[in-house]
Number of protein chains: 2
Amino acid sequence: MNKPIFYHAGCPVCVSAEYDIINLIGKDNVEVVHIGEDRSRIEEAEKAGIQSVPALLTPGGNVLHINFGASIADVKG
Amino acid sequence: MNKPIFYHAGCPVCVSAEYDIINLIGKDNVEVVHIGEDRSRIEEAEKAGIQSVPALLTPGGNVLHINFGASIADVKG
């Protein structure tokens, strides 16, 4: 099974949610992607249906938008 | 350590998120509370800072609002 992917952009809301998600799921059980730094993965996140960060993409392809840090449009700048 | 608590109100967004959270964290590692049915726990959820459901309250006391199903005001009716 694929790992869930946690997309974030380094914002305070993102950092807080990352901490919580890693505590809940386990560091080895989630891939963390900083789309503010790794901009090549913005398109992949958008195609998966991610509209804002932080967000968790489940192995089944569902998107869990967690709180609200920044829109994808904001990240793209 | 306390378990995280997943608050929901039976809405479609809630049911979908519940499925995902249980898959990610494990059924035995999260308490699921339906505040539409167990209305005595609405106040507790509000005090914890939950503004909408579905939401996950972490053992550390942080609230992760997950997507958006219904506001607490909607649940109170």
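## Before we start

This is a predicted model, in which local features need pLDDT of at least 70, side-chain atom pairs count only at pLDDT 80 or more, and totals for chains, interfaces and linings use all residues. Residues are numbered from 1 along each chain as its sequence is written, chains are lettered from A in the order in which they are written, and side-chain values use heavy atoms, leaving out hydrogens and water.

## A parallel pair and its crossover

Let's begin with strand E1 (residues 5–8) and strand E2 (residues 31–34) of chain A, which run parallel and are joined by 4 bridges. Helices (H or I, at least four residues) and strands (E, at least two) are DSSP runs, numbered from the N terminus, and two strands pair if DSSP finds at least two bridges between them. To find one bridge yourself, look at Tyr7(A), whose partner in E2(A) is Val33(A).

Between E1(A) and E2(A) the chain passes through helix H1 (residues 12–25) of chain A, making a right-handed β-α-β crossover. Right-handed means that, with the strands pointing away from the viewer, the path from the first strand over the helix to the second runs clockwise.

## An antiparallel hairpin

Strand E3 (residues 52–57) of chain A is joined to E4(A) by 5 bridges, and these strands run antiparallel. Here Leu57(A) has Val63(A) in E4(A) as its bridge partner. E3(A) and E4(A) form a hairpin with 5 residues between them, and in the turn Gly61(A) has a positive phi of about 95°.

## How the two chains are related

A rotation of 180° with 0.0 Å of shift along its axis superposes chain A on chain B, with RMSD 0.0 Å. That is the relation of a two-fold axis. The superposition is by least squares on the C-alpha atoms of residues with pLDDT of at least 70 in both copies. Which residue of chain A comes closest to the rotation axis? Ile66(A) does, with its C-alpha at 2.4 Å.

## Where they touch

Contact (heavy atoms within 4.5 Å) links 16 residues of chain A with 16 residues of chain B. The two chains bury about 1200 Å² between them, 58% of it on carbon and sulfur atoms; buried area is the accessible area (1.4 Å probe) that two parts lose on being put together, summed over both. In chain A, Leu24(A), Leu64(A) and Asn67(A) lose the most area to chain B, together 45% of what that side buries.
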